[in-house]
Amino acid sequence: MTEEIEILMEDAKEKMEKSITHLEHELIKIRAGKASPAMLEGIMVDYYGSMTPLQQVANVNTPDPRTLAIQPWEKAMIEPIEKAIMAANLGLNPENNGEIVRINVPALNEERRKDLVRQVKKCAEDARVSVRNARRDCNEELKKLKKEGLSEDLEKDAEADVQKMTDQYSKVVDQHVEKKEADILTI
């Protein structure tokens, strides 16, 4: 039975780690006044009739902290790239010179900063819910094992361990949020 408990604990830990990884990925997309190629992740470009990720049709880099430069591998892709960026509704205005698409990332105003903090908190809450769901799933499996003959003491100990793990991952979520909020609110 203890082997089954270990498997459940590993599964819960894996789910909680995935929640943290997803949170980190989402927080990278939220810009904090500095240009980052990650800001354009998830943008899909119409590449000859099929929707393709921007990174597969162009090179995205940051020549300076306030500018994104997108170098398409084919000149014909400049207009579809511009349209895709506008359609993504990121609040960015692409400009092209016929060879490269440039995006000047504007400095954040106070209202935009507050919106971004709200967005960060929403991502954090989604991560917390995901962590709690992993805890709930593990506890339900422990209850099933108890019905199959697991001792009550082992079940209670395992539930306590799952709760400790949940608290630990919730603290990690809080740390990520504090760091990102400080980054956004720093002028």
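User: Where does Leu145 lie, and what makes Leu145 count as buried?

Analyst: In this predicted model, Leu145 lies in helix 3. Buried means under 20% relative accessible area. Leu145 has a relative accessibility of 8%, so Leu145 counts as buried. The C-alpha atoms of Leu145 and Thr2 are separated by 10 Å, although the two residues are 143 residues apart along the chain.

User: Where is Ile184 found, and why does Ile184 count as buried?

Analyst: Ile184 is found in helix 4. Its relative accessibility is 0%, and Ile184 therefore counts as buried.

User: Why is Pro53 called partly exposed?

Analyst: The class of partly exposed residues falls between the buried cut-off, under 20%, and the exposed one, over 50%. Pro53 is at 27% relative accessibility, so it counts as partly exposed. Pro53 lies in strand 2. When residues up to four places away in sequence are not counted, Pro53 touches Ile43 and Met44. The C-alpha atoms of Pro53 and Leu108, 55 residues apart along the chain, are separated by 27 Å.

User: What makes Gly42 exposed, and where is its place?

Analyst: The term exposed requires a relative accessible area over 50%. Gly42 has 59%, and is therefore exposed. The place of Gly42 is in the loop between helix 1 and strand 1, the latter being residues 44-47. The C-alpha atoms of Gly42 and Leu142 are separated by 38 Å, and these residues are 100 residues apart along the chain.

User: How do you know that Tyr48 is exposed, and what is its phi?

Analyst: The relative accessible area of Tyr48 is 58%, so Tyr48 is exposed. Its phi is near 50 degrees, which is a positive value in a residue other than glycine. Tyr48 lies in the loop that runs between strand 1 and strand 2 (50-53).

User: Why are helix 1 and helix 4 described as roughly parallel?

Analyst: Two packed helices are described by the angle between their axes and the distance between the axes. The axes of helix 1 (residues 2-29) and helix 4 (residues 152-185) cross at roughly 10 degrees and come within 11 Å. Angles under 35 degrees count as roughly parallel, and helix 1 and helix 4 are therefore roughly parallel to each other. Among the residues that make the contact are Ile5, Met9 and Ile20 of helix 1 and Val162, Met165 and Tyr169 of helix 4. The residues of this contact of helix 1 with helix 4 comprise 14 nonpolar, three polar and five charged.

User: What makes helix 1 and helix 3 roughly antiparallel?

Analyst: The axes of helix 1 and helix 3 cross at roughly 170 degrees and come within 9 Å. Angles over 145 degrees count as roughly antiparallel, and helix 1 and helix 3 are therefore roughly antiparallel to each other. Their contact has 16 nonpolar, two polar and six charged residues.

User: Why is helix 3 called roughly antiparallel to helix 4?

Analyst: Helix 3 and helix 4 pack with their axes 10 Å apart, at an angle of about 170 degrees. That angle makes helix 3 roughly antiparallel to helix 4. The residues of the contact of helix 3 with helix 4 divide into 15 nonpolar, four polar and twelve charged.

User: How do you know that the span of helix 1 agrees with its 28 residues?

Analyst: At 1.5 Å a residue, the 28 residues should span 40 Å, and the end C-alpha atoms of helix 1 are 41 Å apart, so the two values agree.

User: Which residues of helix 1 are buried, and what covers them?

Analyst: The buried residues of helix 1 are Ile5, Leu8, Met9, Ala12, Met16, Ser19, Ile20, Leu23 and Leu27. Their cover includes helix 3 (110-147) and helix 4.

User: What is the radius of gyration of the protein, and what would a compact globule have?

Analyst: The protein has a radius of gyration of 22 Å, whereas a compact globule of 187 residues would have one near 16 Å. Taken along the principal axes, the C-alpha atoms fill a box of roughly 70 × 40 × 20 Å. Buried residues make up 37% of the 187 residues.

User: How many helices and strands does the protein have, and what pattern does it follow?

Analyst: The secondary structure comes to four helices and six strands. Along the sequence the pattern is α-β-β-β-β-α-β-β-α-α.

Conventions
Residues numbered from 1 in each chain as written. Predicted model: local features only at pLDDT ≥ 70, side-chain atom pairs only at ≥ 80, totals over all residues. Heavy atoms only, no water. Axes fitted to C-alpha atoms, helices over the stretch in contact; angles between N-to-C directions. Helix = DSSP H or I, 4+ residues; strand = E, 2+ residues; numbered from the N terminus. Parallel < 35°, antiparallel > 145°, perpendicular 65-115°, else oblique. Contact = heavy atoms within 4.5 Å. Nonpolar A, V, L, I, M, F, W, Y, C, P; charged D, E, K, R; others polar. Expected span 1.5 Å × (residues − 1). Buried < 20%, exposed > 50% of the residue type's maximum accessible area, 1.4 Å probe, protein only. Rg over C-alpha atoms; globule rule 2.2 N^0.38 Å.
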